[in-house]
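Hi everyone, thanks for coming. Today I'd like to walk you through some sheets, strand by strand. Have a look at the picture first.

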Protein chains: 2
Amino acid sequence: MTSTTTTSKPLHLYTYPTPNGIPVAAYLEELKAAYPGVVDYEATHVDLYKGVQKEAWFKKVNPVGQIPALVDYTRSRPGDDDKKDSDSQGFAIFDGVAILFYLAQNYDKEFKFSFNPVKEVEEFSEMVQWLMFTGSGLAPRFGECRYYRVVAPGKGSDHVVNRNVELLRNFFSVLEARLTSRDYLVGRGKGKYSLADMRAWPHIKFHEVTGIESLEEYPNLKAWLERCFERAGSKNGFEVGKA
Amino acid sequence: MTSTTTTSKPLHLYTYPTPNGIPVAAYLEELKAAYPGVVDYEATHVDLYKGVQKEAWFKKVNPVGQIPALVDYTRSRPGDDDKKDSDSQGFAIFDGVAILFYLAQNYDKEFKFSFNPVKEVEEFSEMVQWLMFTGSGLAPRFGECRYYRVVAPGKGSDHVVNRNVELLRNFFSVLEARLTSRDYLVGRGKGKYSLADMRAWPHIKFHEVTGIESLEEYPNLKAWLERCFERAGSKNGFEVGKA
């Protein structure tokens with residue numbers, strides 16, 4: 001039986017290399033390289049095809065039963081300070097965007113991949129906006145496209161399949177327009193590689209499973225994907241959580 | 001032709017009273033009452049049924065073409081400081097969660113409906129997690145349920161309709177469990193009414209359009225909805241943006 005266990009490293013990631021899992025792994029890899037000796041983590045493969053994410057032990061980490069989830073063993077849950085049982089060890093965080101936020105706030109003190117919420121109010125908000133663009137729009141729509149093409153082909157009507165890919169194409173077009181004259185989604189001038197890019201690019205990398213077979217219509221998006229993926233943190237993060 | 005215009009009030013909300021629009025209006029109403037003379041706003045009705053959210057002027061406020069969107073006339077876009085044209089007036093924020101974040105950071109300095117990100121690290125993160133629970137899970141799934149029942153009935157297969165409502169019921173069940181022995185989603189003890197509640201309750205209020213006809217199976221959720229909706233800010237926010 002798999003279960004959560006206290007490890008020697010402060011952070012423990014539970015994941016699988018999907019477009020929702022990869023951003024957190026990619027950020028942890030960036031932080032590990034940028035803050036050597038300060039940020040370190042272990043990763044556990046959660047086998048989505050065996051339904052491990054729905055097991056009781058995992059739902060204590062994430063009640064929604066999805067990857068990614070992170071446990072920070074340097075903290076405890078609010079109200080758990082006096083408890084001694086194993087359930088109270090560590091502070092658990094669920095949701096890909098919430099974990100990126102948590103890591104930025106607590107482990108990226110120099111804002112190397114984020115923006116200062118007090119001194120860079122506009123850039124910080126723009127980062128949140130583009131994080132949400134993916135979290136609340138692109139990612140769920142990507143999931144619907146993939147589900148009716150790969151998981152349950154034939155279970156949706158033509159209308160369902162076509163509507164999903166059309167709505168996904170709209171998100172691709174919005175990104176394409178945003179990346180005109182920009183290298184990255186947020187930041188003055190050409191922008192800075194930040195959480196906003198990290199949360200989004202893995203979805204574009206996996207575009208073929210959605211029904212959008214080519215990126216030729218989206219030259220800015222294609223160049224941005226290559227720019228993001230050529231980073232060592234991205235390539236390393238892409239491998240984290242494999243079986 | 002409707003367009004963005006500089007108004008006498010610092011904040012301008014573009015909205016429609018949907019479960020995605022109401023949370024921002026409800027928060028602005030709470031802030032207006034909690035910080036009299038400091039926070040004030042005007043609201044413009046965006047007629048979703050006429051497609052106003054897809055018009056060019058609106059896409060300058062929100063490139064995704066969705067409500068809600070907010071313009072803060074006390075700030076300008078990064079890089080726009082030297083521009084004099086009307087397009088550069090005000091700082092525009094899109095996405096319901098991103099707007100709540102922005103308002104909390106800049107207009108709720110005493111954390112009356114939020115948590116201190118520096119001093120209450122765990123509570124702040126839990127608030128972000130439950131905000132994302134709605135933003136990336138409950139809200140998009142609510143939208144799918146509503147679409148295949150109300151907007152395009154008969155266009156999805158039985159599988160599509162049943163899958164959507166089953167997945168939505170899972171989100172309802174997670175909230176129901178979270179609200180055991182709690183008044184609100186986040187905060188020590190019984191919790192504190194915060195952005196996390198505000199972002200979620202309007203979806204529960206509109207449950208009937210999704211195929212979940214009754215809340216009898218969810219007594220904690222039902223009591224919490226009543227608790228949230230009895231607030232003056234909620235009742236006022238519920239009316240904002242009507243035609």
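**Sheets in chains A and B**

Let's start with one pair of residues: Y14(B) has T44(B) as its bridge partner in β2(B).

Before I go on, a quick word on the ground rules. This is a predicted model, where local features need pLDDT of at least 70, side-chain atom pairs count only at pLDDT 80 or more, and totals for chains, interfaces and linings use all residues. Residues are numbered from 1 along each chain as its sequence is written, chains are lettered from A and ligands numbered from 1 in the order in which they are written, and side-chain values use heavy atoms, with hydrogens and water left out.

Okay, back to chain B. Strand β1 of chain B, residues 11–15, pairs with β2(B) in the parallel sense, over five bridges; two strands count as paired if DSSP finds at least two bridges between them. And what is the strand order in the chain B sheet? Well, the order is β2-β1-β3-β4, in an open sheet of four strands with mixed pairing. In chain B, β2 (41–45) and β4 (91–94) sit at the edges with a single partner strand each, so one side of each has no neighbour in the sheet. From one strand to the next, the twist averages 20 degrees, using axes that are lines fitted to C-alpha atoms, for helices over the stretch in contact, with angles from 0 to 180 degrees between N-to-C directions.

Now chain A. Here four strands make an open sheet, ordered β2-β1-β3-β4, and the pairing is mixed. Strand β1 of chain A (residues 11–15) runs parallel to its partner β2(A), with five bridges. One bridge joins H12(A) to E42(A) in β2(A).

Conventions. Helix = DSSP H or I, 4+ residues; strand = E, 2+ residues; numbered from the N terminus.
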